[in-house]
Amino acid sequence: MEIFHSEGAQMLIQAVLALRTEEECRAFLEDLMTGKEIQDCSQRILVARMLREKLVYSRIARDTGASTATISRVNRCCSYGAGGYQLILDRLEKNEEQEKQG
């Protein structure tokens, strides 16, 4: 995507990669984004997880407060996007499994 070729976008990517702890991540996101932007991003990752679980739009909308337009957009990204949601959901599931095992 063209947007990732800017100097600022490269700095953002490097900044995210440099984060080491949950506390660092929280502090960075709090400084970088508004509360609403954090809520919107949080909602989208929840929607992606629920879509992966094959839940219907009405249930996802009810449980997350997301509009059907947001759910549809996330679904499009999950199905035809760059694979970011799939990657992170796979890793989160793997981390959860590892935590359960020990």
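Trainee: How do the residues of the lining of the largest pocket divide into nonpolar, polar and charged?
Mentor: The model is predicted, to begin with. In that lining, 23 residues are nonpolar, four are polar and three are charged.

Trainee: Which residues lie nearest the centre of the largest pocket?
Mentor: Phe4, Val16, Cys41, Gly84 and Tyr85, out of 30 lining residues. The pocket holds about 1,900 Å³ of space.

Trainee: Which helix gives the most to that lining?
Mentor: Helix 6, with six residues. Helix 1 (7-18), helix 2 (22-32), helix 3 and helix 5 also each supply at least two.

Trainee: And how much space lies in the second largest pocket?
Mentor: About 190 Å³. Its lining has four nonpolar and four charged residues, with no polar ones. Among the lining residues are Arg49, Glu53, Glu93 and Glu96. The largest share comes from helix 6, with four residues.

Trainee: Changing topic, which residues make up the largest nonpolar core?
Mentor: There are ten: Val47, Ala48, Met50, Leu51, Ile60, Ala66, Ile71, Val74, Tyr85 and Leu89. Helix 3 gives the most, four residues.

Trainee: What is Ile60 in contact with, leaving aside its neighbours within four places in sequence?
Mentor: Val47, Met50, Leu51, Leu55, Gly65 and Ile71. Of these, Val47, Met50, Leu51 and Ile71 belong to the core, as does Ile60.

Terms used: Residues are numbered from 1 along each chain as its sequence is written. This is a predicted model: local features need pLDDT of at least 70, side-chain atom pairs count only at pLDDT 80 or more; totals for chains, interfaces and linings use all residues. Side-chain values use heavy atoms; hydrogens and water are left out. A nonpolar core is a set of buried Ala, Val, Leu, Ile, Met, Phe, Trp, Tyr and Cys residues joined through side-chain atoms within 4.5 Å. Buried means under 20% relative accessible area, exposed over 50%, partly exposed in between (1.4 Å probe, protein chains only). Contact means heavy atoms within 4.5 Å. On a 1 Å grid over the protein atoms alone, a cavity is a set of points where a 1.4 Å probe fits but cannot get out, and a pocket is an open set with protein on both sides within 12 Å along at least five of seven lines; lining residues have an atom within 4 Å of a point. Grid points are joined across faces, edges and corners, and a volume is the space filled by probe spheres set on the points. Ala, Val, Leu, Ile, Met, Phe, Trp, Tyr, Cys and Pro count as nonpolar, Asp, Glu, Lys and Arg as charged, and the others, Gly among them, as polar.
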